[in-house]
Amino acid sequence: MSLARVQHIAVSLDGFATGEGQSLEEPFGHAGERLHEWMFATRWGRTMLRRPGGSGGVDDAFLRLFTAGIGAEVMGAGKFGYPGWHENPDWKGPWGANPPFHTPVFVLTHHPRPSIEMEGGTTYHFIDASPAEALATAREAAGGQDVRIGGGPTMVRDFLTAGLIDHMHIVVVPILLGRGVRLWDGLEGLEKDYDVESVSTPSGVTHVTFTRAGR
């Protein structure tokens, strides 16, 4: 069976994956881009921003696993847009006309709407479903490839609680946010179900991977 994978979710030292006060102007709230500055310094990150240059090395290598073997994504409503985006019928996500997914994307929301076909192979489908139901739907669309569990932190935590994540890549960024949305709440003892490895890099971030034991 295909794997359910989380790819490079960034968290602060105190466990926050987004800041407080999210809005259209500040998608990550008071955190701004501090959780992702390391990413935008790499070649992969610069390419995503359509800019030249960037660093290679471990950070870049981890980021390049984002699309490898992925056939569909499940993302939460909070990743797809700012609070209240469902009231804007013209909202198509923050990534522009050609989003970086290039697969079917299933947006978990209590406000379903018709699917939106974007450039580059991305089609957004809006579904109101449990984590298990959403994963089953995405697996069917993925055609035997893996399913990316795209975040945000509340949705990832729900999938972890349901025991549905096979592989997870978390990037610990050396900042303290103090407030926002935490990833790890309610997941005490999670590490017992996974083989855990970590790699520190010159950028200051630490890549932590969780692979379900026995995989």
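Biologist: Is Thr209 buried or exposed?
Modeller: Thr209 counts as buried, because its relative accessibility is 14%; buried means under 20% relative accessible area, exposed over 50%, and partly exposed in between, with a 1.4 Å probe and protein chains only. This is a predicted model, in which local features need pLDDT of at least 70, side-chain atom pairs count only at pLDDT 80 or more, and totals for chains, interfaces and linings use all residues. Residues are numbered from 1 along each chain as its sequence is written, and side-chain values use heavy atoms, with hydrogens and water left out.

Biologist: Where is Thr209 placed, and what does Thr209 touch?
Modeller: Thr209 belongs to strand 11, residues 206–212. Strands (E, at least two residues) and helices (H or I, at least four) are DSSP runs numbered from the N terminus. Leaving aside residues up to four places away in sequence, Thr209 is in contact with Phe62, His167, Met168, His169, Asp195, Val196 and Glu197, where contact means heavy atoms within 4.5 Å.

Biologist: How do strand 10 and strand 11 pair?
Modeller: Their pairing is antiparallel, over seven bridges; two strands pair if DSSP finds at least two bridges between them. Ser200 has Thr206 of strand 11 as its bridge partner.

Biologist: What is the strand order in the open sheet?
Modeller: Nine strands form the sheet, ordered 5-6-4-3-7-1-8-11-10, with mixed pairing. Strand 5 (116–117) and strand 10 (194–200) are at the edges with a single partner strand each, so one side of each has no neighbour in the sheet.

Biologist: Turning to strand 4, how many of its residues are buried?
Modeller: Four of its five residues are buried, and strand 4 is mostly covered. Strand 4 runs parallel to strand 3, with four bridges joining them, and Val74 stands opposite Phe106 of strand 4. Strand 4 also pairs in the parallel sense with strand 6 (residues 123–127), over five bridges; there Val107 is opposite Phe126.

Biologist: Which strands does helix 6 lie across?
Modeller: Helix 6 (residues 153–161) lies across strand 1 (4–12), strand 3 (70–76), strand 4 (104–108), strand 7 (146–149), strand 8 (167–173) and strand 10. Helix 6 runs at about 110° to strand 3; axes are lines fitted to C-alpha atoms, for helices over the stretch in contact, and angles run from 0 to 180 degrees between N-to-C directions.

Biologist: And Asp146, buried or exposed?
Modeller: Asp146, in strand 7, counts as buried because its relative accessibility is 14%. Its contacts, not counting residues up to four places away in sequence, include Ser2, Arg5 and Gly71.
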